[in-house]
Amino acid sequence: MFDNITLRYSGNTSLYGSGNVAGALFLTNNEIENDRYKLELGYGSFRQFNGLAKAGWKRRSTSVHIRAFASTAKNDFTYYDRNGSEQRMSNADRMALGAILDGTFNDHIFSKKHKTHVAVHSWIQQYNRAIPPALFEPASAKEQADFAWRNVLDIDQVITKYIKLYAKI
């Protein structure tokens with residue numbers, strides 16, 4: 001889903017958010033050089049299905065890159081309990097959906113001599129997981145649901161040969 005994964009250590013990463021005390025994990029994508037499209041599909045054991053769709057467009061100083069994924073699994077495998085009886089795992093499904101949008105713009109906005117680089121990154125993800133029963137439970141209706149939406153705006157402007165303005169919001 002991501003082109004680059006970088007782990008940065010130290011307390012300086014707290015500049016990227018209050019929860020980043022000892023380090024931060026950076027997930028980034030490369031800028032695209034030309035138009036491209038890709039579709040990947042997979043199917044595996046426990047009725048697991050994975051899909052990934054990518055599309056990217058580049059026109060002069062502007063590029064847009066979209067990635068979307070889906071993953072599901074039934075996880076209803078059979079097993080033997082402590083009495084030797086065959087059982088089937090219940091309430092063990094999972095489903096994940098997500099998308100990433102990256103947009104970049106490079107042009108002369110503030111200065112005729114130096115280009116301004118503006119990038120927008122948006123990541124959204126939904127994850128639902130049914131939690132199977134513990135050994136002492138006859139059944140389970142427990143579920144875990146997570147939702148995340150992160151947005152970043154990068155502005156990078158060279159003022160002079162020695163001064164550079166950089167803002168990340």
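E137 sits at 24% relative accessibility, so this residue counts as partly exposed. In this predicted model, E137 turns up in two places: as the salt-bridge partner of K142, and among the residues nearest the centre of the second largest pocket.

**Salt bridges**

- The structure holds three salt bridges. As background, side chains of opposite charge can pair when their charged atoms come close.
- K142 and E137 make one of them, with the closest N and O atoms 3.1 Å apart. On the lysine side, K142 has 37% relative accessibility, so K142 is partly exposed too.
- K38 pairs with E40, and here the closest N and O atoms are 3.0 Å apart. K38 comes out at 44% relative accessibility and counts as partly exposed, while E40, at 34%, also counts as partly exposed.
- K74 and D93 bring their side chains together in a salt bridge at 3.4 Å, N to O. This pair ties together distant parts of the chain, 19 residues apart: K74 is in the loop between β5 (62–73) and β6, and D93 is in the loop between β7 and β8 (94–107).
- K74 has 32% relative accessibility, so K74 counts as partly exposed, and D93 gets the partly exposed label with a relative accessible area of 31%.

**The second largest pocket**

- The volume of the second largest pocket is about 320 Å³.
- Its lining is made up of 14 residues, and the ones nearest the centre are Y79, D81, A134, L135 and E137.

- Y37 has 57% relative accessibility, and because exposed means over 50%, Y37 counts as exposed.

Conventions
Residues numbered from 1 in each chain as written. Predicted model: local features only at pLDDT ≥ 70, side-chain atom pairs only at ≥ 80, totals over all residues. Heavy atoms only, no water. 1 Å grid on protein atoms, 1.4 Å probe; cavity = no way out; pocket = protein on both sides within 12 Å on 5 of 7 lines; lining within 4 Å. Points joined across faces, edges and corners; volume = space filled by probe spheres on them. Salt bridge = Lys/Arg side-chain N within 4 Å of Asp/Glu carboxyl O. Buried < 20%, exposed > 50% of the residue type's maximum accessible area, 1.4 Å probe, protein only. Helix = DSSP H or I, 4+ residues; strand = E, 2+ residues; numbered from the N terminus.
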